[in-house]
Amino acid sequence: MAGTVKPMPELDFMVVADYVRTDAGVLNMVGAGFDTAHLPVVPGILTAGIGLRILLDVAEARDPHPFTLIFQNADGTRLAEVAGVVGPVPADTPQPPPGRPYSVVLALNTRLPIPAYGDYSLDLILDDRPVKTITLTTAASQTAAPGAPGDAQADAQQPRPGGA
């Protein structure tokens, strides 16, 4: 039928976290929502979890929807990639209330290579359409110099108020 528009999945949210997991359709996130990561040295590895919620119309829930999450540097060099498929929703899954979409949560835990400090992007492609980009900046860890205030070893050796 000419002029028919195929329903498309909708990204509700995508969040970077330290760790993500799903349990009975609920996305659990630990240390979520950051856009800057501090690493002690580069090149290095950033362990990260990416949590997503995708909404599928009842009609589109019957079809598979491929996705790709691309991690790249500011020059566009791809450093890592995760690909998968959302759907189809199993036939025995109860339908959502009328007018509401299916909600599909994804938890992707990965190790991202960080060759240098700077800006990177996480780009989500869903059904061959770019739908979300998150800029992730990496910087040197802010650590205290040995013996300076904030250095755990030096602080442990300082006398405590009140004697002991």
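## Aromatic pairing

Rings of Phe, Tyr and Trp (its six-membered ring) are taken to pair if their centres lie within 6.5 Å; planes under 30 degrees apart count as stacked, over 60 as edge-to-face and the rest as tilted. Under this rule the structure contains 1 aromatic pair. The ring centres of Phe71 and Tyr120 are 5.3 Å apart and the planes stand at 15°, so the pair is stacked. Phe71 belongs to strand S6 (residues 65–73) and Tyr120 to strand S9 (residues 118–126), so that the pair links distant parts of the chain, 49 residues apart.

Relative accessible area under 20% is called buried, over 50% exposed, and in between partly exposed (1.4 Å probe, protein chains only). Phe71 is buried, with a relative accessibility of 1%, and Tyr120 is buried as well, at 5%.

## Basis of the model

The model is predicted; local features need pLDDT of at least 70, side-chain atom pairs count only at pLDDT 80 or more, and totals for chains, interfaces and linings use all residues. Residues are numbered from 1 along each chain as its sequence is written, and side-chain values use heavy atoms, with hydrogens and water left out.

## Overall architecture

Helices (H or I, at least four residues) and strands (E, at least two) are DSSP runs, numbered from the N terminus. The protein has 1 helix and 10 strands, in the order β-β-β-β-β-β-β-β-β-β-α from the N terminus.

Of the 164 residues, 33% are buried. A contact requires heavy atoms within 4.5 Å. Among contacts with a separation of 6 or more, 67% are between residues 24 or more positions apart.

## Nonpolar core

In soluble globular proteins, nonpolar side chains tend to be buried together. A nonpolar core is defined as a set of buried Ala, Val, Leu, Ile, Met, Phe, Trp, Tyr and Cys residues joined through side-chain atoms within 4.5 Å. The largest such core has 30 residues, and Met14, Leu52, Leu56 and Leu122 have the most contacts inside it. At least two core residues come from each of strand S1 (10–17), strand S4 (36–39), strand S5 (44–56), S6, strand S8 (102–114), S9 and strand S10 (129–140).

With neighbours within four places in sequence left aside, Leu56 is in contact with Pro9, Ala61, His65, Val86, Val89, Pro101, Tyr102 and Val104.

## Residues of strand S8

Leu106 lies in strand S8 and is buried, at 16% relative accessible area. The C-alpha atoms of Leu106 and Leu52 are separated by 5.1 Å, although the two residues are 54 residues apart along the chain. Apart from neighbours within four places in sequence, the contacts of Leu106 are Thr22, Leu27, Ile50, Gly51, Leu52, Ile54, Phe67 and Val86.

Thr110 is also found in strand S8 and counts as buried at 19% relative accessibility. Not counting residues up to four places away in sequence, Thr110 touches Leu46, Thr47, Ala48 and Ile50.

Strands pair if DSSP finds at least two bridges between them. S6 and S7 run antiparallel and are joined by 8 bridges; Phe67 stands opposite Gly84 in S7. The two strands form a hairpin with 4 residues between them, and Gly76 in the turn has a positive phi of about 90°.

The loop between strand S7 (78–86) and S8 contains Ala91. Ala91 is exposed, with 86% relative accessible area. The C-alpha atoms of Ala91 and Arg62 are 8.2 Å apart, the residues being 29 residues apart along the chain.

## Salt bridges

Side chains of opposite charge can pair when their charged atoms come close. A salt bridge is counted where a side-chain nitrogen of Lys or Arg is within 4 Å of a carboxyl oxygen of Asp or Glu, and the structure holds 2 of them. One joins Arg53 to Asp12, with the closest N and O atoms 2.6 Å apart. Arg53 lies in strand S5 and Asp12 in strand S1, so this pair ties together parts 41 residues apart in sequence. Arg53 is partly exposed at 25% relative accessible area, and Asp12 is partly exposed at 34%.

Glu81 forms a salt bridge with Arg78, again with 2.6 Å between the closest N and O atoms. Glu81 is partly exposed, with a relative accessible area of 46%.
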